[in-house]
Each structure stands twice: as C-alpha cells, then as structure tokens.
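Q: Could you walk me through this model? I'd like to go through the packing piece by piece.

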Amino acid sequence: MLRKRSLSLSGHRTSIALEPEFWQAMEDIAKSRELSLSALIADIDRGRPDNAGLAQALRVYALNWYRSEQHPRAKLEDS
C-alpha cells in the first residue's frame, strides 16, 4: 500500500506516493545526513535525470544508499 505525502519543492507543492518502508528509509537517510526529509528530497530531485519520476528517483536513491558504504550495516557486513 502506498502512502502519500505532500511537500514543497522549488516553491511548488507536490505529492509523492511511496511504500511505508521507503518513507522510513528516506527518514533514516535524512537523519544520517543531518537533513530534514524535505531537504533530502529536494537534493535528490535536483540530481535526478529528466526522464525519471521523483518517486522512482527516491526508491533508487534509497536502494543505492543501503547498498553503499555510507550505511552502517554495509560496514558491519564487510568486517
């Protein structure tokens, strides 16, 4: 089931629908980067390709973050 949230990006209101697990991932990533959720999403939005939807870009970003060494679990698994 998707959960929709509304926020402002570049001065425009938008809604994003993601699975609750991806919203939790976004919150975890924002906390680890010491950003608000809105600031993280705005950062991802600025860097996404023109042909990628925002929800898609958020999911891919979360997947890549969890797979990277930026995530504490990745460091533990490498040990």
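Predicted model: local features only at pLDDT ≥ 70, side-chain atom pairs only at ≥ 80, totals over all residues.

Q: Which are the buried residues of helix α2?

A: Helix α2 covers residues 37-47, and its buried residues are L40, I41, A42, I44 and D45.

Q: Let me step back for a moment. What does the secondary structure of the chain come to?

A: The protein chain has 4 helices and 2 strands, and from the N terminus on these elements run β-β-α-α-α-α.

Q: How much of the chain is buried?

A: Of the 79 residues in the protein chain, 29% are buried. As for the contacts with a separation of 6 or more, 38% are accounted for by residues 24 or more positions apart.

Q: Now the strands. In which sense do β1 and β2 pair, and over how many bridges?

A: The pairing of β1 with β2 is antiparallel and runs over 7 bridges; within this pair, S6 stands opposite S15 in β2.

Q: What about the hairpin, how many residues are between the strands?

A: There are 2 residues between the strands in the hairpin of β1 and β2, where S10 takes a positive phi near 55°.

Q: What does R3 touch?

A: Not counting residues up to four places away in sequence, R3 touches I16, A17, L18, P20, W23 and E27. For A17, the C-alpha to C-alpha distance from R3 is 5.3 Å, although the two are 14 residues apart in sequence.

Q: Moving on to the helices, at what angle do α1 and α2 pack?

A: α1 and α2 pack at an angle of about 100°, with their axes 9 Å apart, which means that α1 is roughly perpendicular to α2.

Q: Which residues make that contact?

A: From α1 the contact takes in W23, M26, E27, I29 and A30, and from α2 it takes in L37, L40, I41 and I44. Sorted by class, the contact of α1 with α2 has 8 nonpolar residues, no polar ones and 1 charged residue.

Q: How do the axes of α1 and α3 cross, then?

A: The axes of α1 and α3 come within 10 Å and cross at roughly 60°, and these two helices are therefore oblique to each other. The crossing of α1 and α3 is left-handed.

Q: Which residues meet there, and what are they by class?

A: On the α1 side, F22, A25, M26, D28, I29 and S32 meet L58, R59, Y61, A62, W65 and Y66 of α3. By class, the contact of α1 with α3 has 9 nonpolar, 1 polar and 2 charged residues.

Conventions. Residues numbered from 1 in each chain as written. Heavy atoms only, no water. Buried < 20%, exposed > 50% of the residue type's maximum accessible area, 1.4 Å probe, protein only. Pairing = 2+ DSSP bridges. Axes fitted to C-alpha atoms, helices over the stretch in contact; angles between N-to-C directions. Parallel < 35°, antiparallel > 145°, perpendicular 65-115°, else oblique. Left-handed = near helix turned anticlockwise from the far one by under 90°. Contact = heavy atoms within 4.5 Å. Nonpolar A, V, L, I, M, F, W, Y, C, P; charged D, E, K, R; others polar.
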